[in-house]
Amino acid sequence: MKRTKILVWFMSVSFIIIVWKLYGIESGPENFNEEIFHENVNNHFSLNEKHSIKHVTIYCITPTYWRYVQKAELIRVLQTLTLASYKTNIQWIVIEDSEQKTELVKNLLKRIDMQDHFKYVHLNAKTPPFQKLKGKDPRWKKHRGVEQRNAALKWIRDNVNPHGTKKIAFFMDDDNTYDVKLFEEIAKVRNVGVWPVGLVGGLNLETPVLDPKTGKVAGYKSGWKPDRAFAIDMAGFGINIDLILTKPEAVFSYRMERGFQESQFLSYFTTKEQLEPLADNCTKVYVWHTRTEKPDVKGTVPGFEV
Ligand code: UDP
Ligand code: MN
């Protein structure tokens with residue numbers, strides 16, 4: 001009798017656990033938010049309204065340098081820009097950190113000639129050897145991309161006419177991950193627009209914090225020096241080229257304190273109060289400061305461009 005009771009009790013408990021687990025699977029992860037899911041689905045990037053933001057050109061400035069992952073990184077950027085070019089005009093400025101333009105990058109850019117989705121310019125500007133990272137140096141030890149971004153700013157100042165249709169500059173490093181929706185946000189910039197950047201500054205994201213009353217930027221959430229005048233990553237802002245043209249002295253510099261390039265560059269043009277919060281009032285992440293692991297290449301097979 002006692003054994004039957006135990007058996008019934010055991011089976012009931014097992015039944016409850018099975019039902020509970022099954023229900024758990026059906027209803028998905030605990031933090032699944034149906035509202036956000038539907039909003040995202042409805043908010044999808046659509047290629048149906050092709051060239052819907054024709055009147056804006058986004059100048060994407062990409063410094064790049066040789067390492068085994070270079071081609072893989074640049075292909076990702078190229079494909080992102082191909083998609084973005086369905087929405088708006090794109091002008092890609094690729095600046096190689098090299099003495100001369102390389103065949104690898106030239107070959108990659110030839111694909112754009114064939115597709116003709118967007119325009120590009122190919123520049124090179126070598127980082128001086130004493131400013132270059134050595135083999136085992138941590139990344140933060142030296143400024144990266146200074147020479148190349150300045151070469152792009154010079155090209156813009158020499159070649160782009162002010163006024164006319166809207167032109168926005170965006171510093172688009174080759175190793176980040178970009179949601180194609182970001183380009184719709186960049187196209188909204190009037191003077192200087194800002195948005196959150198994922199996986200940077202020691203937190204899961206770095207973002208401007210808005211004053212709920214005014215809707216303006218009141219401060220920043222960052223795991224690294226949030227009290228910088230602009231605690232914003234290179235990928236976290238877009239700036240109107242008309243504004244860049246008004247301040248020919250604004251460039252990046254090796255003299256700037258490490259980690260302060262963005263903040264000091266933005267200080268030439270704007271104030272915290274004037275920043276335009278984008279990406280749904282800085283509530284959405286459309287760009288991630290990803291970093292690609294250095295592959296352990298023990299040898300090379302000749303005859304391939306990898
Ligand atoms: N870069 C470069 N030369 C270098 C190191 C970096 O041109 O010696 C480029 C790199 O391809 C990228 C940008 O500068 O587009 C920022 O570099 P990285 O991603 O290494 O820096 P982090 O993301 O750590 O700031
Ligand atoms: Mn990077």
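Residues are numbered from 1 along each chain as its sequence is written, and chains are lettered from A and ligands numbered from 1 in the order in which they are written. Because the model is predicted, local features need pLDDT of at least 70 and side-chain atom pairs count only at pLDDT 80 or more, whereas totals for chains, interfaces and linings use all residues.

Helices (H or I, at least four residues) and strands (E, at least two) are DSSP runs, numbered from the N terminus. The buried residues of helix H4 are Val105, Leu108 and Ile112, a residue being buried if 20 or more other C-beta atoms lie within 10 Å of its own, exposed if 12 or fewer, and partly exposed in between, with C-beta atoms placed from the backbone. Seen down the axis of H4, these buried residues fall within an arc of 70° (taken from the directions from the helix axis to the C-beta atoms), so they line one face of the helix. On the other side of H4, the exposed residues are Glu103, Lys106, Asn107, Lys110, Asp113 and Met114. Just after H4, Asp116 has a positive phi of about 60°.

Strands S4 (residues 166-171) and S10 (residues 237-240) run antiparallel and are joined by 3 bridges, pairing being assigned if DSSP finds at least two bridges between two strands; Ala169 stands opposite Ile239 in S10.
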